[in-house]
Amino acid sequence: MRLIRGLTNLKALSQRPDSPLASGCVATIGNFDGVHRGHQTIIRQVRDKASELGLPSVVMVFEPQPREYFQGAEAPPRLMPFRQKAEALAREGVDYILCLRFDGQFRQYSGMGFIEDILIDGLGVRHLVVGDDFRFGCDRAGDFRLLKQVGEKVGYSVENTETVLDGEERVSSTRVRACLAENQLEQAERLLGHRYAIEGRVVYGRQLGRQLDAPTVNLLLPHRPPLRGVYVVGVTLVDGRVRYGAANIGVRPTVDGKRPSLEVHLFDFDETVYGQRLKVEFLHPLRDEVAFDSLDALKAQIGRDFEAARAWLADSV
Ligand SMILES: Cc1cc2nc3c(=O)[nH]c(=O)nc-3n(C[C@H](O)[C@H](O)[C@H](O)COP(=O)(O)O)c2cc1C
Ligand SMILES: Nc1ncnc2c1ncn2[C@@H]1O[C@H](COP(=O)(O)OP(=O)(O)O)[C@@H](O)[C@H]1O
């Protein structure tokens, strides 16, 4: 997988005669938050067509996601930070990820402007896979019909995305968020095709954890997380080792009460891991986050959380 950031870089690359993108590509466009089973199916559609045509596959995404741009703090929580998304897409076998900055200038593209400047001049798209409800450009004026009309003239084809159902309902990022908010981790896993996980870099905290007999790795959360509370977790370290532990994800009302963070105590572990990237899988919910009157009360509760987590692990892992 190669990551292309911005239209200028895309054009510089695709206009080089020796570039794999020089003869065009098969592309899809979206947020792909969670890279769930529906997304995985769309990517398979793109890859199948790309191998049939002998062209590279491209997934176009935006940062921030358009709803984050328009709604700010009111936007739905995000399932994964950009880097985790890019790595998940790479695992699905995407050749290129094109990441475009969604800003005050970008939002002014007309429907036709988006097609001409990005899809035709930038990507030289030969086949496009998008939902028939896909809207784009200023005031959401561009739609599936317009894409098809222009495609017939210019010589690219457009295909509707397949719909993946879970029971009667479509698999969607919104449904994954709803499951996580309700602590329905198994339902979320069914929609995602894997356990819900957050990946991030270990940053320095306030060295309070050691005083609480619970040193914690603190992961940077660039977005508001879709779940809150105390969980049993499985952690994959950079070298692939897996460790288990108990984690708190939230604002830590007892000691802080502002920005959300993810704090993980690993059982039977005594290493320094600052700066490493870890994957934290949420295995089982233990309780909601609580504002305690004192650090002693928090410390006592964390001790009970560890017992509950170890008991669950002994039965389930
Ligand atoms: C299993 C576990 C449960 C926790 N539960 C709570 C909680 O209910 N309320 C709270 O304010 N903080 C909770 N915390 C977070 C602690 O306040 C935090 O880990 C501690 O302040 C260490 O911060 P530091 O890493 O910045 O030193 C919990 C942490 C762990 C590991
Ligand atoms: N069992 C453990 N679980 C989590 N972190 C541990 C553990 N043992 C040692 N550490 C190390 O201790 C650091 C956390 O200690 P802590 O006092 O909570 O400080 P900080 O405020 O930096 O999080 C972690 O980043 C990690 O490098």
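This is a short walk through the structure above, from its overall build to the surroundings of one ligand. The model is predicted, so local features need pLDDT of at least 70 and side-chain atom pairs count only at pLDDT 80 or more, while totals for chains, interfaces and linings use all residues. Residues are numbered from 1 along each chain as its sequence is written, with chains lettered from A and ligands numbered from 1 in the order in which they are written.

Let's start with the whole protein. Its C-alpha trace spans about 70 × 40 × 40 Å along the principal axes. The protein holds nine helices and 14 strands, which are DSSP runs numbered from the N terminus (helices H or I, at least four residues; strands E, at least two). Of its 317 residues, 32% are buried, meaning that 20 or more other C-beta atoms, placed from the backbone, lie within 10 Å of a residue's own.

Now look at strand β9, residues 197-203. It pairs with β14 (residues 277-287) in the antiparallel sense over five bridges; pairing requires that DSSP finds at least two bridges between the strands. Here Ile198 stands opposite Val280. Strand β9 is also joined to β10 (residues 217-219), again antiparallel, by two bridges, and Val202 faces Leu219 there.

Strand β10 leads us on to ligand 2. This ligand is surrounded by 19 residues, the closest being Gly205, Gly209, Arg210, Pro215 and Leu266; a residue belongs here if its C-beta atom, placed from the backbone, lies within 6 Å. Two elements, β10 and β13 (261-266), each give two or more residues to this shell.

Conventions:
A residue is buried if 20 or more other C-beta atoms lie within 10 Å of its own, exposed if 12 or fewer, and partly exposed in between; C-beta atoms are placed from the backbone.
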